[in-house]
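Here are my notes on this model, as numbered points. Please read them with the structure open.

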Amino acid sequence: MKSVPGRAVLTTLASITLASALGAPLVAAPPVLAASSGGGEVARGRYLVGIMGCSDCHTPMKMGPNGPEPDRSRFLSGHPQGMKLGAPPKGGAGWAWSGAATNTAFHGPWGTTYAINLTSDRETGLGGWTEENFVKALKSGKHLGVGRPILPPMPWPSTAQATEDDLRAVFAYLRTVPPIRNLAPEYQPPAPSPAQAASQSPSR
Ligand code: HEC
């Protein structure tokens with residue numbers, strides 16, 4: 001296998017982002033980030049997915065001997081369907097948002113968001129998406145490029161800066177990721193504040 005100078009550094013950076021996000025000891029980056037196989041667009045897409053950290057939120061974390069680590073058997077399959085989550089923590093002064101132990105579900109002022117399944121599964125993953133939906137979504141920050149705003153912490157303001165060619169390469173690579181059947185839950189908007197609820201109530 002050809003060794004690519006600089007790849008190791010990028011791989012290390014990806015694990016530092018992940019570890020600092022979780023406050024955890026450094027964990028080994030997923031092996032898929034370390035080497036590329038195949039050529040052209042797919043290889044470029046694999047490289048981009050590695051340096052853009054998509055797996056950090058789209059692959060569920062599990063507890064390993066050195067702290068949380070990506071669950072390779074669920075690579076890029078999104079927030080686990082059917083996982084039981086209690087009420088999100090309230091947080092003390094200065095805290096704004098929280099994340100599930102899997103690092104795939106997030107709660108904050110925007111409501112609760114769940115990282116979607118990015119594998120090639122036709123029904124629950126990207127298998128049914130067109131390249132146009134994908135590129136437009138990551139460029140515009142709108143669901144499928146046309147719908148509701150894509151909410152935090154999905155870093156679409158960063159992906160919007162990628163070229164369309166790069167996003168097409170990312171899509172081409174994701175279409176080669178083995179399908180895993182897992183339907184991430186629907187986004188939940190925030191509960192109305194007591195003041196909003198009162199102003200909407202007819203018996204005010
Ligand atoms: C920091 C966590 C995080 C990272 C990093 C991340 N995502 Fe996401 N992603 C999310 C969350 C959470 C959602 C769901 C957002 C929502 O429901 O509004 C999401 C949604 C998406 C969607 C659905 C968009 C739509 O039209 O509804 C796609 C596609 C996607 N991510 C692809 C990617 C790709 C490709 C990368 C790497 C370049 C990436 N994500 C990196 C957290 C993340």
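1. Burial. The protein has 204 residues, and 29% of them count as buried. Keep in mind that this is a predicted model.

2. Fold layout. The protein holds 7 helices and 5 strands. Read from the N terminus, the order of elements is α-α-α-β-β-β-β-β-α-α-α-α.

3. Ligand shell. There are 23 residues around the ligand. Those that come nearest are Met-52, Cys-54, Cys-57, Ala-137 and Met-154. Two elements give two or more residues to the shell: helix H3 (54–58) and helix H4 (131–140). The largest share is that of H3, with 4 residues.

4. What classes of residue make up the shell around the ligand? The count is 17 nonpolar, 5 polar and 1 charged.

5. Helix packing. Helix H2 (residues 40–51) packs with helix H6 (residues 164–174) at an angle of about 95°. Their axes are 7 Å apart. Angles of 65 to 115 degrees count as roughly perpendicular, so H2 and H6 are roughly perpendicular to each other.

6. The H2 and H6 contact. From H2 come Glu-41, Val-42, Arg-44, Gly-45, Arg-46, Leu-48 and Val-49. They meet Asp-166, Ala-169, Val-170, Ala-172, Tyr-173 and Leu-174 in H6. By class, this contact has 8 nonpolar, 1 polar and 4 charged residues. Among the charged ones are Glu-41 and Arg-44 in H2 and Asp-166 in H6.

Terms used. Residues numbered from 1 in each chain as written. Predicted model: local features only at pLDDT ≥ 70, side-chain atom pairs only at ≥ 80, totals over all residues. Near = placed C-beta within 6 Å. Axes fitted to C-alpha atoms, helices over the stretch in contact; angles between N-to-C directions. Parallel < 35°, antiparallel > 145°, perpendicular 65-115°, else oblique. Contact = placed C-beta atoms within 7 Å. Buried ≥ 20, exposed ≤ 12 C-beta atoms within 10 Å, placed from the backbone.
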